[in-house]
Amino acid sequence: MANRNGGPSRGRRLIGLLGAAAVVIGGGLTPLAAYGAPGDHSESEAQFLSGSLLSGVDLSTVAGLAGTEAINTGAGTVTDVTDLDLTALSALNVNIPSGVSIPLGDLLQLGAVNQFSQSADAGVSRAASGAVSNAGVVDTSGAGTFPASATLNLMELLPATALLTTANLSLQGVTGVASADAATAPATSCSDLSNPANCRGYNVAAAGLDVVSPALGAISSTATSALGALSTTLNGLGSAITGGLLGGVTDSLGTLNGLVPGLSLVSNTLNVNVSSDLSAALDPVLGQSITVGGVTVNAKAGTVTVDWANVVGLNGLAPNTPLVSPTTLQTVAANAAVALGQLQTAVNSVLASVTDNVTVTISGGVCLLEVLGCTAGLNIGYTGSLADLLDSSQKLTISGTGALAIPGLDAVVGGVVTTVQSATSVAVLPLVNTALSTAGTTISSAVTAATTALSDAFTLIGTVVGVNLNVQEPGSAGSGSYAEVAARATLLGGTALTIDLGRAEVGANAAAVVYTPTLSATTPVAPGADTTVTSTGWPPSTEVTLQLKDSDGNAVGSPKTVTTDVTGAIPADTTLQIPVNAVAGAQYTVVGTDTLGHSATSGAIVVSSGTTTDTSAPTDTSAPTGTTATTDTSAPTGTTDTSAPTGTTDTSAPTGTTATTDTSAPTGTTDTSAPTGTTDTSAPTGTTATTDTSAPTGTTDTSAPTGTTATTDTSAPTGTTDTSAPTGTTATTDTSAPTGTTGTTDTSAPTGTTATTDTSAPTGTTDTSAPTGTTATTDTSAPTGTTDTSAPTGTTATTDTSAPTGTTGTTDTSAPTGTTATTDTSAPTGTTATTDTSAPTGTTPPAAQLGITVKVPVVERAQTQTTIGTGFQPGEVVTGVMHSTPLALGTQVANAAGTVTFVWTVPTSTDLGVHTVTLTGATSGAVTGSFKVVAAGLATTGHQPGYEIPIAILLMLLGGSAITFSRRRTRNAVSRT
């Protein structure tokens, strides 16, 4: 085979080669193809690492880099196995597209790999490279002795960029397999990679893309900084809260003066303390991994991990399927954007509840009347969250002192608390909203920047590398050779270079033609007569020597040499003479041999006693009645006297006598002077009439006397019954209807006869015009057994009962493929309707086949949910959305089985209750499933929580909008008068 890399020819390590050919398959020895023959030829080679990247590299400098090669020329199985020296490989210098020469190890890191080639007799060969054992057994897990992993450092290919600090493309368990025989081209897939039979296939256990993005990591640092600034603001709310309390007391003086006149705000001893710890609330959100459509984002780590199995799929793909391409990288970027959107939603939820993590303590009081000290006043107290203070979920404690420590105060203190607490909320809430809006806008800007940076990064990756799986192409040996490459990476950005991983190649193979001649000779044969020899299966245009031999294997007489024709058959008139003195019962054989060593022997030729009786001649009944006719041997032995019509009986002898055999014609010949097969009924009653063929073949001639066997009158069309014959005779068949149809029963013939079949009515219909008791035919005005093909091929037609009861209707497949169509029975009884194939072959209506499975029917907020969609078209782009409040789940590309999988984290802000998820294909339509969101701790119990009034202080609109704080409970704001 030719060397694809331009280096010197590879060395080979051959194992277990000639003689009995066997290979270990799946742990046991399995015999390979049958023994070889001159002209057998098979080739195979395996090379895990190849491609134009190695152009100019001396393959002999690295053990195993040249791969394996096995060539068989019909002398026994040849096997070549070798692994790859990874240490020496890493030290090789290669030129990358930018023109820079670097050590291969800086660009590509390989795990242990093996290479296997085997070429057997009869033109059979196979090869495998990657995760394959010395016996050719493929490890599809990629976790064995030869993991066959490969990691491509994309940073060596990318131009200088701030978008990424790390970008690694990895493959695991990469294996290519090819197998061929000399008869047909290999299939494009293998059912068993460890025992391939004339096929090409591959396996990739895992494939990923790992990147580190500074912009993504900036989300975490930005959010931490923003929350620090927010904490500072909230911790400084003490004076604002104090002001709000005093304002509320002032607003309540009108009520209080009704109890004790002359009150006014004199002084206060209020002490307000505010403390917050916001990082504890946000850290879990920033540190979580959010997965959408095979793309996992972690903001705190700044990483994006792509699982290609959930983006494109890995195994069972059509030949030359793109794994990494601009299109698939766009899908990755879109799913990463959805994941970041979910992260933003989670951050918003934390910010909306941030005041729950702020603790407020209030103590002290206010003096409202002072005469030699505070004569009347109020004590105010509170310990709780800022959220509960501002939405009045937890009330202030207010009590009177001095003159206000009276029973009458209890009647009005509730109103005073409401007024004071409302005034405090009005004073503090704008400050909180402004601080939250600032923090939210800052974090939102960081998320937006990261989304853009990731999109740009994946676009950039698409300009320097592309990967195709299951690359199938002609082999390097030219016509009749076939290659499989499990994964081909194309390095772009300059002069495109290729890296082939897991290459296997077979062919061109040829199997020598095996000739198995057969030979036969006629028997029995009289002494001195010829036996006719027939023989086929010899090489074309070859001399074959025929020799008669006795039962002891001794040659008898001289041999005869003949030449075969282009089909390998000897001439049709070839004969050999049996010796004249041969004894009756003796046995001979004919043995044929050619110059190439092929031979064939006939069966036993038995010698008959003297001359043989030729029973093909007519019987001569000219001898007297009761006598036994002698054999007339006046004609040469073995010939047939054909002076009388062939097969006729001469009835000129008296009734009851046995006619002699007239052999006046040469023995063995056929006398055809009378028409073949006719019966002569001119003989007296009781004799056997001759065959009269003056009427067309197959008719019955009833002109003979009663009791004789009538001749067959075929003047009527073939197959009809002629009922003009006397009672008791067999009527002819009337085939005026088309040949092969079943006609009606004609009862016009005399009683007891079998009426003719009238096929003028359509096949299969029942003709009731015939007399009572006759069997009417079946009217099948629709063609018998036809199939209604108006619907797409392969659909099952529905049943149309518009036809009479009991009829079998046509098959209407006008319904879409995969549906159960009705059976149209409007056609006559007994007919089978045609299949309508006007729709495209194999089309599938999406609505009938789409399916959806929601993995977690009951889930809590912040838990992972998974939904699997089935029935989509392979390669179709599918979009996922969660409702009630729409949450985009990204897009996925349906794999070869039409399946997509969406994985996402249920936002912490999701309302409790039932939600839906809808998967919409670009062409197949949509399918919807549902699940329930419950409170924490209830996902496994199924408990339906009550509808508590939510604590929602803030509603923050991010991405350019300010955050608006909203209360969780209804409060009645009281404006300060």
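Predicted model: local features only at pLDDT ≥ 70, side-chain atom pairs only at ≥ 80, totals over all residues.
1. **Disulfide count and pattern.** Two disulfides are present in the structure. Counting the bonded cysteines along the chain, the pairing runs 1-2, 3-4.

2. **Cys190 and Cys199.** These two cysteines are bonded, with 2.0 Å between their sulfur atoms. The link is right-handed, at 110° about the S-S bond. Are its two cysteines buried or exposed? Cys190 and Cys199 are both buried.

3. **Cys367 and Cys374.** Here the sulfur atoms of the bonded pair are 2.3 Å apart. A pair counts as a disulfide when the sulfur atoms are within 2.5 Å, and Cys367 with Cys374 is listed as one at 2.3 Å. The S-S torsion is about 115°, so this disulfide is right-handed. Burial should be read for each cysteine in turn. Cys367 has a relative accessibility of 6% and is therefore buried. Cys374 has a relative accessible area of 43%, so it is partly exposed. The cut-offs behind these two calls are under 20% for buried and over 50% for exposed, with partly exposed in between.

4. **Helix α4.** This helix covers residues 238–257. Its 20 residues should span 28 Å at 1.5 Å a residue, and the end C-alpha atoms are 28 Å apart, so the two values agree. Where is the kink in α4 centred? It is centred on Asp251, with an angle of about 40°. α4 is also mostly covered, with 14 of its 20 residues buried.

5. **Helix α6.** Residues 326–352 make up this helix. Why is α6 described as largely enclosed by the rest of the structure? Because 19 of its 27 residues are buried.

6. **Ser279.** This serine belongs to helix α5, residues 279–287. Its relative accessible area is 39%, so Ser279 is partly exposed. Ser279 and Leu227 are separated by 52 residues in sequence. In space, their C-alpha atoms are 6.9 Å apart.

7. **Ser455 and helix α8.** Ser455 sits in α8, which runs over residues 407–462. With 32% relative accessibility, Ser455 is partly exposed. Thr331 is 124 residues away from Ser455 along the chain. The C-alpha atoms of Ser455 and Thr331 are separated by 9.9 Å.

8. **The cavity.** How many cavities of 30 Å³ or more does a search of the whole structure find? The search finds one. The largest cavity holds about 90 Å³ of space. Its lining has 13 residues, and those closest to the centre are Leu152, Leu169, Leu171, Ala489 and Leu501.

9. Which classes of residue line the largest cavity? Ten of the lining residues are nonpolar, two are polar and one is charged.

Technical notes: Residues numbered from 1 in each chain as written. Heavy atoms only, no water. 1 Å grid on protein atoms, 1.4 Å probe; cavity = no way out; pocket = protein on both sides within 12 Å on 5 of 7 lines; lining within 4 Å. Points joined across faces, edges and corners; volume = space filled by probe spheres on them. Nonpolar A, V, L, I, M, F, W, Y, C, P; charged D, E, K, R; others polar. Helix = DSSP H or I, 4+ residues; strand = E, 2+ residues; numbered from the N terminus. Buried < 20%, exposed > 50% of the residue type's maximum accessible area, 1.4 Å probe, protein only. Expected span 1.5 Å × (residues − 1). Bend = angle between axes of the 7 residues up to and from the residue.
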